[in-house]
Amino acid sequence: MYRYDEFDARFVAERTAQFKDQVERRLRGELTEEEFRPLRLMNGLYLQLHAYMLRVAIPYGVLSSRQLRQLAMIADSFDKGYGHFTTRQNIQFNWPKLADVPSILEALAEVEMHAIQTSGNCIRNVTTDQYAGVAADEIEDPRPHCELLRQWSSLHPEFSFLPRKFKIAVTGAPHDRAAVKVHDIGLRMHRNEQGEPGFEVIVGGGLGRTPMVGKTIRGFLPADELLPYVTAIMRVYNRFGRRDNKYKARIKILVHEIGVDAFSELVEAESARGDHGEAIELAAAEVARIEAYFAPPAYEALPGKDPAHSAQLFENKAFARWVRHNVAPHKVTGYSIANISLKPVGGIPGDATADEMRTVAGLAERYSFGEIRVAHEQNLVLPDVATRDLYALWQALETAGLATPNLNLVSDIIACPGMDYCSLATARSIPVAQAISRRFADLARQEDVGDLHINISGCINACGHHHVAHLGILGLEKKGVESYQITLGGSADENAAIGQLVGPGFAADEIVDAVEAVVRVYLDGRKGREERFLDFFRRVGIKHFKEALYAPAQAR
Amino acid sequence: MSKIITANHLIGGDVVFLAENGWTPNVDRASVADDDDTLAALAARAADAEARNIVVGAYPVEVRCEGSRVVPLHYREVMRTRGPTVRPDLGHQATLGA
């Protein structure tokens, strides 16, 4: 993984010292809250419903064991013994004291981490495929490009005060696990006819109150032209993006209002305006330097089939189930990608205790070259596990209560913190997720339902990505009580789609029954297990579900 | 309509309510304004506390009084008096037994 050079280390140390001084001035009363608020937000510090919240950047979701241990230390020493992994591959601490935040930032800097670019109208922490660099279906490792974008965007003077926040996602694989089509800029790597790597550049995707699937403005951008081209996009957005209305300030609105062709022309004109030869050369040199940090670990030459592993699969059904759902194919023969679900039955999606973090850090050291990934689905990943070690890993995870075998099943729910923590929320998300996971606790039943993604947001800002869920739930306030709308048919992958609203909302005590009713419609109507929920929805349409969900009420 | 004033403590960030002798985490001890003049007086005290960097983000909350209990009308504000509903071991509910 990337290691800080002298510049990076100095930059983060200086920023930490700067914020320490700002906190001290605030506590002495030399800065008003109005003056301090933008400064704390630029350092990831929010004031939430019950307390401050510090959001720590995990660049493109990659963590070392050392870093995860430090996060555990922070959780124990400065917070309440746990952290919350977010839908943007970051981690949040929900209870820091303002006076402690400089010490937390110092502790983060010790392990090459910070909380910059986790708030404010800047280019936020770049996200990517949690399997980057190891996925069997990958074209090329996107992480060097992510790192290049990270370094380029960190406190970029031209792009630190954009009309609104800006999110970039990159995938190096044809199967999109990074939801790139619902980001401000989405980059999908592919090869041209000459076999050279490049990106499809997608712009203007996003969720929130105006969900949109992004539009392609360049089918193929040579990889070494990435930085100048992204710069051109940012300049067009910075110049023409609306600043008069917060709700119309994202790039998706600009692209929508002027049209993708006009937007594309502006970008191409801006891109052609200067001689980018030098920038391309610099970027290429920098990518080459960065790529060295992402050299593969010292993989052993292992056989494709491990007899002991095959026997364990045969003999232990619980292990076989975990492998079936939580283990993904690795690009190197004899290795596997192991997912650690943070969605136990009745648990809080994405929460991990300090002890759990230390357990995962230790297991990563023992079995995965000391590296961990954070998935935007709020799970953790050990990316480089020898297949022969899977059984021992699973046993250790079982002992730690971290072996829930539910990836992509109905209980693998994405949920924002909702009103249990968030000051913007209009309803709670977590209790709904907990209730659904309890209702569907039976793993055999979950397996029967199959691939069904439920995402829950506690307000229209859609941090829980409900628009792109197969079954999305949006919590709102209706006449002074929580009300939950259901959307169906969304998808976050390469066939991204925005879910359709099925009808009026459900009360908090009705929403789990409504979810179960949707599942029942699917189970009763599918052609067989091979017809997944999303396939079924696309075949029968939303009307089918409306009738099942609302007909009983209408009949009453 | 009865109202109280709430805010967050500057240093700790925890939810507090304006009471007779300063700020308290216990909503039942909050000073309740039953008329505009009383509310204006409470708001002035809150503004002063903000200016003196004791609290941040002060605002009024509608409540009803049930005996010795002060109960916000909106569920969001009820949650602020207690803590996360999914973690009864955290927030004021853990220390005050709300």
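Strand β9 (residues 197-203) of chain A is largely enclosed by the rest of the structure, because five of its seven residues are buried. A residue is called buried if 20 or more other C-beta atoms lie within 10 Å of its own, exposed if 12 or fewer do, and partly exposed in between, with C-beta atoms placed from the backbone. Helices (H or I, at least four residues) and strands (E, at least two) are DSSP runs numbered from the N terminus. This is a predicted model, in which local features need pLDDT of at least 70 and side-chain atom pairs count only at pLDDT 80 or more, while totals for chains, interfaces and linings use all residues. Residues are numbered from 1 along each chain as its sequence is written, and chains are lettered from A and ligands numbered from 1 in the order in which they are written.

The partners of β9(A) may be taken in turn. Two strands are said to pair if DSSP finds at least two bridges between them. Strand β8 (residues 185-191) of chain A pairs with β9(A) in the antiparallel sense over seven bridges, and within this pairing A:Ile185 stands opposite A:Val203. The two strands form a hairpin with five residues between them, and A:Gly195 in the turn has a positive phi of about 85°. β9(A) also pairs with strand β10 (residues 215-222) of chain A, in the antiparallel sense over five bridges. Here A:Phe199 stands opposite A:Leu221 in β10(A).

Positive phi values also occur in loops of chain A. A:Gln117, which is not a glycine, has a positive phi of about 65° and lies in the loop between α4 (101-110) and β6 (127-128) of chain A. A:Gln117 counts as buried because it has 26 C-beta neighbours inside 10 Å. A:Leu155, likewise not a glycine, has a positive phi of about 55°; its place is the loop between α5 (143-153) and β7 (168-171) of chain A. With 13 other C-beta atoms within 10 Å, A:Leu155 is partly exposed.

Helix α12 (residues 354-367) of chain A comprises 14 residues and reaches 20 Å from its first C-alpha to its last, close to the 20 Å expected at 1.5 Å a residue. That expected span is 1.5 Å times one less than the number of residues in the helix. The buried residues of α12(A) include A:Glu356 and A:Arg358, together with A:Met357, A:Val360 and A:Leu363. After the helix comes A:Phe369, whose phi is positive, near 55°.

Along its principal axes the C-alpha trace of chain A spans about 60 × 60 × 60 Å, and 54% of its 556 residues count as buried. Two residues are in contact if their C-beta atoms, placed from the backbone, lie within 7 Å. Among contacts in chain A between residues at least 6 apart in sequence, 67% join residues at least 24 apart.

Chain A is divided into domain 1 (6-110), domain 2 (127-294), domain 3 (307-400) and domain 4 (414-555), with bounds that come from an automatic or database domain assignment. The C-alpha centres of domain 2 and domain 4 of chain A lie 31 Å apart, and 11 residues of domain 2 are in contact with 12 residues of domain 4. The residues on the domain 2 side divide into six nonpolar, two polar and three charged. In this division Ala, Val, Leu, Ile, Met, Phe, Trp, Tyr, Cys and Pro count as nonpolar, Asp, Glu, Lys and Arg as charged, and the others, Gly among them, as polar.

Chain B contains three helices and five strands, arranged along the sequence as β-β-β-α-β-β-α-α. Of its 98 residues, 35% are buried. Towards chain A, 21 residues of chain B are in contact with 22 residues of chain A. On the chain B side, α2(B) gives the most, with four residues. The residues of that side divide into nine nonpolar, nine polar and three charged.
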